[in-house]
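Let's take a walk through a protein model together. Please have the sequence and the 3D view open as you read.

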Amino acid sequence: MDNIKLTKLAACAGCGAKVGAGTLSQLLDGLPVIKDEKLLVGFDKSDDAAVYKINDDMALVQTLDFFPPIVDDPWLFGQIAAANAISDVYAMGGEPKLALNIMTVIEAMTREAIHEILRGGYEKAFEAGAIISGGHTINDTEPKYGLSVTGFVHPKKILTNSGARPGDVLILTKPLGIGIITTAAKAGLVPEALTAKINQQMAELNRKSRDNMVNYEVHSCTDVTGFSLIGHCCEMAEGSNATINLMAAGINYHKEALEYASMGMIPAGAYKNRDFAEGRTEISASVSLPLADIMFDPQTSGGLLISVAEKDSQHLLNDLLHHTDAAIIGYVSEAGEKAVVVK
Amino acid sequence: MIDTSGLSCPEPVIMVKKAMESGEDSYTVIADNRTAFENITRFAAHQGFGVSGEENDGVYTIRIERNK
C-alpha cells in the first residue's frame, strides 16, 4: 500500500461523502414508520442514533457510520472512522459497549493495508471501552470503513438533538475547518504540522467531552459532522422549536482554514450544506465569506455541539478546556423567523 | 481556454493556479459543476482578478481578468 494513496482511491473524503441533509429527508420520506413505545429516538428527528428502552434504568443506543478514506495512512484512517462512528453514541449521552466492522475493499489494496485499517479501528474501540466482535467486508470500487456501534444510556439521561431550550448556551468541542484543510492538503498547500494536528483531532474520541457534559444540566447534544456546523444547528433548532444564534467572533476553527477557503479549497459538501440551509439561515453581512464557508464545511469526526443551561456553561467549558479547544459559540432563543442566525 | 470538465476539487483550482503562473491578464475557464465554479471564482478573486461567469445546461463559463 506504500505506493498507493488511500485518498486517491475515493471520490469523496470522509464525512464529505455523506448524502446531503435535503436529499436524505426526501429519500426517507414516505417510508413506513413503526410506532413502538420503547423506541425512544427514531429517525423522525434526524438524530445521531436510535435509542430503544430495555427497562427503566437502561436503553440501547444503536448507530452506524462509515466513509471513504480521509487520510492516506490506513491505521490512522481506521482510527478516525471508528472515532467518528463511536461519537454518535457519545452525542446521545451514552457509553459504547459493542461494535461491528463495516468495510469495503478494492483489489489494489494490500492485505497489510486492510489489516492496518482494522487495527486502527480495534485500537480506537478499545480506547472507548467497546469491543469489536465481528463485521462484514465486501469488494467495492473504493475502500470504505466504519462501525456499527451499540451502547447504553439511562432512559432519563438521553441527549437528543431536539431538546435545546431558549436561554441555553452552545458549546462546540472541536475546532472547524477539517473539510477545507483536507481539500487544501490534496492541493499540496498544507504544511505537515497542520496535517498532523487535524489528523490527531479527527482520531480523538469525544469520550471525555461526553463524560464532562453528563455532569451538568445539558438539554441537547449532537456531533458536528458531514452536515456542517450550520446544518447540524438547523436540525437542532428546528427539532427543538427554537432559534440558534451563532456568534461568528466566538466560533472555534483552525485559522489556516480561512486562507484556504478564500483560495477556493472548499469541498462539494459545503455547497450542498449551504443549499440545505438556504431559507432557514440568516447570515449577517458582517460575516466574511470564508468564515461562512467554514461554518458550512463538512467535518469528519467533529466535536460535540452541546446546548447547556447558562448557569452551567462556564463550568462545563472549563472542564472541556482541560483536553479540548472547546468554545462557547452561541446561544438559543425563542423560535424566530429563521432556524439559525449568524452575527 | 482552461477546461476543467470531469475534474473534482481541488483539481480545477490547481489548473487555474498553474495557468495563472504564465502571467497573462485574462483567462476563460470551463467548469462542469457548481463546486468548481464557486471555488475558481473564490480563487481568482483572492489572486486579484475580476470574475464573471454564466451557466448553460450545467456548463459554467468563467471569465477571469486581472484587476487593473
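This is a predicted model: local features need pLDDT of at least 70, side-chain atom pairs count only at pLDDT 80 or more; totals for chains, interfaces and linings use all residues.

Residues are numbered from 1 along each chain as its sequence is written, and chains are lettered from A and ligands numbered from 1 in the order in which they are written.

Begin with chain B, which has two helices and four strands. Here helices (H or I, at least four residues) and strands (E, at least two) are DSSP runs, numbered from the N terminus. Starting at the N terminus, the elements of chain B follow the order β-α-β-α-β-β. The radius of gyration of chain B is 11 Å, close to the 11 Å that the globule rule gives for 68 residues, so chain B is as compact as a globular protein of that length. That radius is taken over C-alpha atoms, and the rule is 2.2 Å times the number of residues to the power 0.38. Along the principal axes, the C-alpha atoms of chain B fill a box of roughly 30 × 20 × 20 Å. Of its 68 residues, 32% count as buried. A residue is buried if 20 or more other C-beta atoms lie within 10 Å of its own, exposed if 12 or fewer, and partly exposed in between, with C-beta atoms placed from the backbone.

Now look at the two helices of chain B. Helix 1 (residues 11–20) and helix 2 (residues 34–46) of chain B pack at an angle of about 35 degrees, with their axes 9 Å apart. Axes are lines fitted to C-alpha atoms, for helices over the stretch in contact, and angles run from 0 to 180 degrees between N-to-C directions. Helix 1 of chain B contributes B:Pro12, B:Val13, B:Val16 and B:Lys17 to the contact, and helix 2 of chain B contributes B:Ala36, B:Asn39, B:Ile40, B:Phe43 and B:Ala44. Two residues are in contact if their C-beta atoms, placed from the backbone, lie within 7 Å.

In the loop between strand 1 (2–3) and helix 1 of chain B you will find B:Pro10. The peptide bond from B:Cys9 to B:Pro10 is cis, with omega near 10 degrees.

Next comes the meeting of the chains, where 13 residues of chain B are in contact with 13 residues of chain A. Helix 2 of chain B supplies the largest share of the side of chain B that touches chain A, eight residues.

Within chain A, the axes of helix 4 (residues 178–186) and helix 5 (residues 192–203) come within 11 Å and cross at roughly 140 degrees. That makes helix 4 of chain A oblique to helix 5 of chain A. Angles under 35 degrees count as roughly parallel, over 145 as roughly antiparallel, 65 to 115 as roughly perpendicular and the rest as oblique. A:Ile178, A:Ile181 and A:Ala185 in helix 4 of chain A meet A:Leu194, A:Thr195, A:Ile198 and A:Met202 in helix 5 of chain A.

Finally, visit two loop residues. A:Asn241, between helix 7 (228–240) and strand 9 (242–246) of chain A, has a positive phi of about 50 degrees although it is not a glycine. With 13 C-beta neighbours inside 10 Å, A:Asn241 counts as partly exposed. A:Ser301 also has a positive phi of about 50 degrees without being a glycine, and with 30 C-beta neighbours inside 10 Å, A:Ser301 counts as buried.
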